[in-house]
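Please look over the model below before reading the points.

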Amino acid sequence: MKYEVTRDCVIKGSRYKLGDVVSDLSEQLAKDLMAIGRLAPHHEPESVNRAVGAKDSEEKPKKRGRAAKPKAEPEAE
């Protein structure tokens with residue numbers, strides 16, 4: 001299982017910084033480090049379809065345009 005480091009620490013003689021991912025830990029060591037707040041379970045981010053408006057996307061892009069300017073009135077003489 002993969003774990004994410006939540007505080008800078010030294011694990012098995014190696015230095016790890018905040019945000020590093022560690023995978024080669026024994027179950028008991030990982031459990032102990034999670035108990036003192038050094039590790040948290042690592043979750044892979046979900047992929048998101050960013051091809052909005054492309055051929056195979058679900059939605060069409062939203063168009064954001066400017067509002068039409070009001071026409072100027074002719075000057076009265």
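Predicted model: local features only at pLDDT ≥ 70, side-chain atom pairs only at ≥ 80, totals over all residues.

1. Residues are numbered from 1 along each chain as its sequence is written, and side-chain values use heavy atoms, with hydrogens and water left out.

2. The chain has 1 helix and 5 strands, in the order β-β-β-β-α-β from the N terminus. Helices (H or I, at least four residues) and strands (E, at least two) are DSSP runs, numbered from the N terminus.

3. Three strands form an open antiparallel sheet in the order 4-1-5. Strand 4 (21–22) and strand 5 (39–41) are at the edges with a single partner strand each, so one side of each has no neighbour in the sheet. Strand 1 and strand 4 pair over 2 bridges; pairing requires at least two bridges found by DSSP.

4. The largest nonpolar core has 10 residues, among them Tyr3, Val5, Tyr16 and Leu39. Such a core is a set of buried Ala, Val, Leu, Ile, Met, Phe, Trp, Tyr and Cys residues joined through side-chain atoms within 4.5 Å. Strand 1 (3–5), strand 2 (9–11) and helix 1 (27–35) each supply at least two of its residues.

5. Buried residues (under 20% relative accessible area, 1.4 Å probe, protein chains only) make up 14% of the 77 residues in the chain.

Conventions:
Buried < 20%, exposed > 50% of the residue type's maximum accessible area, 1.4 Å probe, protein only.
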